[in-house]
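I opened the model today and kept notes as I went. Entries follow in the order I looked things up.

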Amino acid sequence: MKKNRPRLLDGQECAVLLLRLLEIRNEESPAVSRVRLSELTLRTLWGRDRISRELLEEIQEWLSRGGWSLFYARTTFAAVRTSVVLSWARLSSKRMAEDLKQIRDGSFDFDRHLHLINDEQSLDD
């Protein structure tokens with residue numbers, strides 16, 4: 001009799017497990033459209049010691065088909081219902097037409113705007 005060999009789950013299987021976890025969560029409490037997930041939670045769920053970029057991209061593709069988007073946010077992962085994102089306010093580069101012109105002609109002063117990448121709160125103001 002052959003023993004089952006250990007194997008790594010593929011991207012589709014990992015996506016199904018995450019969607020199942022979301023399904024269970026939404027059955028127990030009010031439905032959520034966004035969640036935070038630690039890397040440890042995902043590695044445990046998917047039986048992985050590490051999550052490669054390639055695996056993550058494949059999982060993201062499958063989750064997209066299930067209506068969810070998964071991404072890394074500084075120190076944690078997050079998943080959000082894609083339909084919710086589609087209703088968010090849209091931001092267009094038209095607001096920066098003059099800045100973009102200055103960038104093209106080499107006169108844009110990047111130093112003047114470095115505070116934007118140093119101060120986490122600057123975009124919330």
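I count a contact when heavy atoms lie within 4.5 Å. With that rule, and leaving aside neighbours within four places in sequence, I find R48 in contact with L8, L9, R43 and L55.

Housekeeping next. This is a predicted model, where local features need pLDDT of at least 70, side-chain atom pairs count only at pLDDT 80 or more, and totals for chains, interfaces and linings use all residues. Residues are numbered from 1 along each chain as its sequence is written, and side-chain values use heavy atoms, with hydrogens and water left out.

**R48.** I placed R48 in the loop between α2 (39-46) and α3. Helices here are DSSP runs of H or I with at least four residues, strands are E runs of at least two, and both are numbered from the N terminus. Is R48 buried or exposed? R48 is buried, meaning under 20% relative accessible area; exposed is over 50% and partly exposed is in between (1.4 Å probe, protein chains only). I looked for a salt bridge, that is, a side-chain nitrogen of Lys or Arg within 4 Å of a carboxyl oxygen of Asp or Glu. R48 has none. The nearest side chain of opposite charge is E58, 7.2 Å away. Lys and Arg count as positive, Asp and Glu as negative; His and the chain ends are not counted.

**The sheet.** I see 3 strands in an open antiparallel sheet, ordered β1-β3-β2. Pairing takes at least two DSSP bridges between two strands. From one strand to the next, the twist averages 20°. β1 and β3 (residues 76-81) are joined by 4 bridges. I checked R34: its bridge partner in β3 is V80. Helix α3 (residues 53-65) packs on the sheet and touches β2 and β3; its direction makes about 145° with that of β2. Axes are lines fitted to C-alpha atoms, for helices over the stretch in contact, and angles run from 0 to 180 degrees between N-to-C directions.

**Q102.** I found Q102 in helix α5 (residues 97-105). Q102 counts as partly exposed because its relative accessibility is 24%. Not counting residues up to four places away in sequence, Q102 touches S107 and F108. A79 is 23 residues from Q102 in sequence and 37 Å away in space, C-alpha to C-alpha.

**Whole chain.** I logged 6 helices and 3 strands. The C-alpha trace spans about 75 × 35 × 25 Å along its principal axes. Buried residues make up 21% of the 125.
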